[in-house]
Amino acid sequence: MKLGGLRTRLLLAFSLLVVITAATVAGGNYVQARTVILQQAQDATARVLVDKATALYPLGPLPPGDGTLGRISGELSDRDLSSLVLYENQSSGNQQLRSLISPELRAEVQSGNVAWQRVDSGGTPMLVVGTRFTVKLPGGQERASGIEAYIARTMIPEARSIDELATRAWLIGGLALVFAIGLALVAARGVLRPVRELGDAAQRLGAGDLRARINVRGTDELAGVARTFNETAGALERHVDELKRMEADARRFVADVSHELRTPLAAMTAVADVLEQESPRLSGDAGRAARMTIEETHNLTRLVNDLIEVSRFDAGAAALAPEEVDVAEVITASLRIRGWPDEVERELPTGIFAALDPRRLDVIVANLVGNALRHGEKPVSLRLSEAGEWITLEVTDRGPGLAPEVLPHVFDRFYKADSARARSGGSGLGLAIAWENARLHGGTLIAANGADGGAVFTLRLPRQGGTA
């Protein structure tokens, strides 16, 4: 269970709420009951003292003698009460009570009130209650007799009752906490189950499972969220299926058109070859038209061939025909066929062998070098190296390099960095085809800018990528 998870927060919230409520209720009841118990004990003891003192009248002559004080003390004492009677410097009764009578309590008694005080006597809770005796004068008036009477009783029964109340309060709090945790677990399960199902379904949907759905239970807010998710997932599935269908139709259309164009292009290429032989003898507008026709025919042929190649990649029909080759020889042959050996600086050590498809490696080299020659600045350089089970080919130029906004899109199909080149001889597919061929070998093709300026394309291929 995560410390910061929703389950933990629900448990803490429920537990805290119930504990605070239980503590407030149980604590309030405890304080109230404790006050009632103590108050009842104090009132009952005070009534006993007053009743016994009233029964002692008349007190007899004043000042009282030792016999009078002793009689009063004896009448006030019983099995549960001990007493002490004071008159000026005289006293009678339990002398140990003298240490329990505080000056505040005695002052309150001397002022004519029935007063009490709870004290501790050697660890035993005690209640001391005191009053003073009065005498009646002729005419019905009363005056203080100077006699003070104090009785004391233990509060052990009340203390036990209070302790029992405290124990019950703790027990109620503990049971309330257990109940809160159980209730929180049930609530968390009911709340978290649809949330967890929603999370799992969202994760499956994000991973590409467009059929991910949630079982809708009830009519609460979470059920509404589940229904909304299902509706959204259903709409997304329909849109994606439609896009896939449209994309498949577009790919099939491109492939069909490309294949259909091959036959007329073959005828046009044959005508272009004838025109190319005759063009030196043509002058004026006829010569220019012939040269333009030849150039556009070759461009169209390259475009159709590129489209056919791309359709093979999209259909998963592109396959390798690996051979154990000297990589430097394949690269050199690719440059020689296109007449580029004198335009490219080469660092191609021989003896670097790898299981590659020579035709596809030729396509990669032709596209990278051709792109550098057309859009960069000379000198264009090639550098071949090896490291363990990998070979690396770097193609660099001395041009202005690639703009930061261009780098992420270099290998996108039909992407041209300069909109002014939208009608250039390139199809915008060369680098995309080179990237696909590198991926087919299990390698990578990365575009970047060199430290000294110019674009740098780095091709990394595994030695045994073609046989994996």
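Arginine 360 is buried, with a relative accessible area of 3%; buried means under 20% relative accessible area, exposed over 50%, and partly exposed in between, using a 1.4 Å probe and protein chains only. Its side chain meets that of aspartate 357 in a salt bridge, 3.7 Å from N to O. A salt bridge here is a side-chain nitrogen of Lys or Arg within 4 Å of a carboxyl oxygen of Asp or Glu. Aspartate 357 is buried too, at 5%.

This is a predicted model, in which local features need pLDDT of at least 70 and side-chain atom pairs count only at pLDDT 80 or more, while totals for chains, interfaces and linings use all residues. Residues are numbered from 1 along each chain as its sequence is written, and side-chain values use heavy atoms, with hydrogens and water left out.

The protein is divided into domain 1 (6–163), domain 2 (211–317) and domain 3 (319–462), with bounds that come from an automatic or database domain assignment. Taken over C-alpha atoms, the centres of domain 1 and domain 3 are separated by 106 Å.

The structure holds 16 salt bridges. Side chains of opposite charge can pair when their charged atoms come close. One of these bridges joins arginine 204 and aspartate 209, at 3.7 Å from N to O. Arginine 204 is partly exposed at 36% relative accessibility, and aspartate 209 is partly exposed at 33%. Another joins lysine 378 to glutamate 343, whose closest N and O atoms are 3.1 Å apart. Lysine 378 lies in the loop between α8 (358–375) and β9 (380–387), and glutamate 343 in the loop between α7 (327–337) and β7 (344–347), so this pair ties together parts that are 35 residues apart in sequence. Helices (H or I, at least four residues) and strands (E, at least two) are DSSP runs, numbered from the N terminus. Lysine 378 counts as exposed, at 54%, while glutamate 343 is partly exposed, at 30%. There is also a network of salt bridges that links Arg211, Arg213 and Glu237.

Where do the buried residues of α9 lie, and what covers them? They are Gly430, Leu431, Ala432, Ile433, Ala434, Glu436, Asn437 and Ala438. That is 8 of the 11 residues of α9, so the helix is largely enclosed by the rest of the structure. The cover includes α6 (284–315), α8, β11 and β12 (455–462), where contact means heavy atoms within 4.5 Å.

Histidine 441 is buried, with a relative accessible area of 2%. A polar atom of its side chain lies 2.9 Å from the backbone oxygen of asparagine 437. Glycine 442 follows α9 and has a positive phi, near 85°.

On the surface, Val19, Leu177, Ile181 and Leu185 form a nonpolar patch with about 270 Å² of accessible area together. Areas come from the Shrake-Rupley method with a 1.4 Å probe, and for residues only the protein chains shown count as cover. Patches are made of residues with over 30% relative accessible area and no salt bridge; like charges are joined within 9 Å, and nonpolar side chains (Val, Leu, Ile, Met, Phe, Trp, Tyr) within 5 Å. Helix α4 (residues 156–206) gives the most to the patch, with 3 residues. Leucine 177 has its place in helix α4 and is partly exposed, at 32%.

Methods: Polar contact = N/O pair within 3.5 Å; in protein donor to acceptor, adjacent residues only side chain to side chain.
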